[in-house]
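User: I have not seen this structure before. Please take me through it with a few questions.

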Amino acid sequence: VYRGNRWNAEPALVAPVVYHNECVAMIVIQAVPFEKLSLYQINLLRTLSILVSEMVARAMEYEVLIREKRYVDGTDVLIAEEFEKKVRIALEKESQKLAKCCVLTVQSEKEIPELYREIARMFRNSDIMGLNKEGKLCVLLGNNSLSEGDGVIERLSQHGIAATIDHEFDYLGE
């Protein structure tokens, strides 16, 4: 726990949140009345820092475990079951006329991690990549109609990547 110098406009107290011996966050208390700044208060902050560090560690480890179950290793590509859930939600939005969607299938013989690294920069952060039941890489384009999907296919073809509009998931919207 760091005690700041109030005359240099430093925070009153600073404590680290540590995960694997690295500081991942800080607990900063800007001001504490002089009469309340005691060893007891510093020890409380130290205890709080330890508790928060433990909770952050558990949350990060949980995130890693969940990620391993939902994504292809080393990518942001959802496994088939998880991708189907995302498509189902998008089709539900489309049926309620809230947003359009389109699913593209990328035609390639490359391994998924390699293909992902090649094409990830060509899509928006809001587009969701996943696998279909055959293990092919698909991309869910949110807020894109089928005609707009054709434009994306054209843009991909200019980079030497073949893709088609995928109607495999259409049954999910029924």
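**Burial, fold and sheet**

User: What share of the 174 residues in the protein chain is buried?
Analyst: The model is predicted. A residue counts as buried when its relative accessible area is under 20%. Of the 174 residues in the protein chain, the buried ones make up 34%.

User: In what order do the elements of the protein chain run from the N terminus on?
Analyst: The protein chain has four helices and eight strands. From the N terminus on, their order is β-β-β-α-β-α-β-α-β-β-α-β.

User: What is the radius of gyration of the protein chain?
Analyst: For 174 residues the globule rule gives 16 Å. The protein chain lies well over that value, so it is more spread out than a compact globule. Its C-alpha atoms fill a box of roughly 70 × 35 × 30 Å along the principal axes. The radius of gyration is 24 Å.

User: Which residue in β3 stands opposite Ala-15?
Analyst: Strand β2 covers residues 13-19. Seven bridges join β2 to β3, and the two run antiparallel. Opposite Ala-15 stands Ile-27.

User: How far apart are the mean positions of the positive and negative charges of the protein chain?
Analyst: The protein chain has 21 positive and 27 negative charges. The distance between their mean positions is 8 Å.

Conventions. Residues numbered from 1 in each chain as written. Predicted model: local features only at pLDDT ≥ 70, side-chain atom pairs only at ≥ 80, totals over all residues. Heavy atoms only, no water. Rg over C-alpha atoms; globule rule 2.2 N^0.38 Å. Buried < 20%, exposed > 50% of the residue type's maximum accessible area, 1.4 Å probe, protein only. Lys, Arg positive; Asp, Glu negative; His and termini not counted. Charge placed at Lys NZ, Arg CZ, Asp CG, Glu CD. Pairing = 2+ DSSP bridges.
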